[in-house]
Amino acid sequence: MVVFLDNQNRLLAHETLFHGYITSTEIHPREVVKAALRHNAAAAIFAHNHPSGYAEPSDADRRITARLKKALALVEVRVLDHLIVGSKEIVSFAERGWS
């Protein structure tokens, strides 16, 4: 899911852009950029769940976040956070200093 925000971090829209399987989801940065432009977003927050219930971010989570940040930076959209939802906790990249 992506939450799109304006310059004052007010909600513009939220969209579920991709659906995954038990072990993975294929994410296309160009589709995230297109959606951000469609909503005229200035910022974005990403969120997804881990079906295992374990919210600790994987290396793949960190890599796709970096790719999305680079792609969105080209169109001047800030990435504020990436939230990973487990069964009993939510991990915030921003709280860990990764966003």
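**Terms and their grounds**

Mentor: Ile 84 stands opposite Val 91 in strand 5. The model is predicted: local features need pLDDT of at least 70, side-chain atom pairs count only at pLDDT 80 or more, and totals for chains, interfaces and linings use all residues. Residues are numbered from 1 along each chain as its sequence is written, and side-chain values use heavy atoms, with hydrogens and water left out.

Trainee: What makes strand 4 and strand 5 a pair?

Mentor: Two strands pair if DSSP finds at least two bridges between them. Strand 4 (residues 78–85) and strand 5 have three bridges, in the antiparallel sense, and therefore pair. Strands are DSSP runs of E with at least two residues, numbered from the N terminus.

Trainee: Why are strand 2 and strand 5 called edge strands?

Mentor: The open sheet has five strands in the order 2-1-3-4-5, with mixed pairing. Strand 2 (11–15) and strand 5 (90–92) each pair on one side only.

Trainee: Why does Asp 6 count as buried?

Mentor: Buried means under 20% relative accessible area, exposed over 50%, and partly exposed in between (1.4 Å probe, protein chains only). Asp 6 has 14% relative accessibility, so the residue counts as buried. Asp 6 is located in the loop between strand 1 and strand 2.

Trainee: How do you know that a polar contact joins the side chains of Asp 6 and Arg 10?

Mentor: A polar contact is a pair of N or O atoms within 3.5 Å; within protein, one must be able to donate a hydrogen and the other to accept it, and residues adjacent in sequence count only if both atoms are side-chain atoms. The contact between these side chains, of Asp 6 and Arg 10, is 2.7 Å.

Terms used. Helices (H or I, at least four residues) and strands (E, at least two) are DSSP runs, numbered from the N terminus.
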